[in-house]
Amino acid sequence: MFTGIVQGMAEVVAINKKEDFQTHTIRLTGEMNQGLMIGASVAHNGCCLTVTKIEDELISFDLMQATLKLTNLGKVEEGSFVNIERAAKFGDEIGGHSMSGHISLVGRVSKVIDTPNNRTIWFELPDDAMKYVLAKGYIGLDGCSLTIGEVEGNHFSVHLIPETLERTLFGSRVEGDEINVEFDPQTQAIVDTVERVLEAKQLG
């Protein structure tokens with residue numbers, strides 16, 4: 001489980017492409033590296049990956065083709081940076097909201113609005129996915145637990161403070177960038193349940 005509180009960014013220093021999967025090696029320093037063991041879960045842009053090799057600060061992860069195809073990690077290159085969050089431990093403070101590390105889909109940055117003290121980013125999603133996007137609700141974007149601002153058609157916005165911009169990739173995101181999206185599981189469950197109940201009543 002993850003909390004959506006990204007701990008920082010890490011550089012992808014090597015990508016080894018193999019048959020049907022590839023290995024990403026990132027450089028993890030400081031607190032993000034402490035106590036890390038093979039088999040541990042680490043979220044990259046919100047996608048849960050398993051540690052397969054540790055060489056001091058160089059940490060490797062295997063990515064299957066499905067992961068590369070269904071998330072923005074397939075677009076990552078050597079020298080790119082990814083948002084990093086270590087898996088939550090029992091008793092940790094949940095500063096964001098509960099996240100699984102399973103990406104729902106990939107959205108797109110449609111507009112970036114900068115003001116002196118914050119940044120507003122608008123995202124575009126497929127029409128049928130917008131039922132899970134509710135104003136003032138939670139959403140996971142590239143592993144960050146964020147509060148949804150405005151919702152217009154198949155677009156929605158989030159407002160980002162300087163701390164988030166400094167600690168995550170959102171400080172450098174531009175129009176057209178692809179973003180991993182994980183819907184809030186509670187919102188998704190409620191919407192799906194209501195849909196099933198209404199459909200059953202119509203059939204009845």
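The count of aromatic pairs in this predicted model comes to 3, where rings of Phe, Tyr and Trp (its six-membered ring) pair if their centres lie within 6.5 Å. Planes under 30 degrees apart count as stacked, over 60 as edge-to-face and the rest as tilted. Two of the pairs are set out below.

| Pair | Distance of centres | Angle of planes | Class |
|---|---|---|---|
| Phenylalanine 123 and phenylalanine 156 | 5.3 Å | 25 degrees | stacked |
| Tyrosine 132 and phenylalanine 183 | 5.2 Å | 45 degrees | tilted |

Phenylalanine 123 lies in strand β8 (residues 119–124) and phenylalanine 156 in strand β11 (residues 155–160), so their pair ties together parts that are 33 residues apart in sequence. Strands are DSSP runs (E, at least two residues), numbered from the N terminus. Phenylalanine 123 is buried, with a relative accessible area of 1%, and phenylalanine 156 is buried at 0%; buried means under 20% relative accessible area (1.4 Å probe, protein chains only). Ring pairs also join Phe123 and Phe156 with Phe170 in a cluster.

In the tilted pair, tyrosine 132 sits in the loop between β8 and β9 (138–141), while phenylalanine 183 belongs to strand β12 (residues 178–183).

The protein chain is divided into domain 1 (8–86) and domain 2 (105–194), with bounds from an automatic or database domain assignment. Their centres, taken over C-alpha atoms, are 23 Å apart. In contact across the boundary are 13 residues of domain 1 and 13 residues of domain 2, contact meaning heavy atoms within 4.5 Å. The area buried between the domains is about 940 Å², and carbon and sulfur atoms give 42% of that area. Buried area is the accessible area (1.4 Å probe) that two parts lose on being put together, summed over both.

Between domain 1 and domain 2 the count is 1 salt bridge, that is, a side-chain nitrogen of Lys or Arg within 4 Å of a carboxyl oxygen of Asp or Glu. The side chains of glutamate 178 and lysine 75 meet in a salt bridge at 3.1 Å, N to O. On the side of domain 1 that touches domain 2, the elements giving two or more residues are β1 (8–18) and β6 (81–86). The largest share of that side, 4 residues, comes from β6.

**Basis of the values**

Residues are numbered from 1 along each chain as its sequence is written, and side-chain values use heavy atoms, with hydrogens and water left out. As the model is predicted, local features need pLDDT of at least 70 and side-chain atom pairs count only at pLDDT 80 or more, whereas totals for chains, interfaces and linings use all residues.

How values were computed: Buried < 20%, exposed > 50% of the residue type's maximum accessible area, 1.4 Å probe, protein only.
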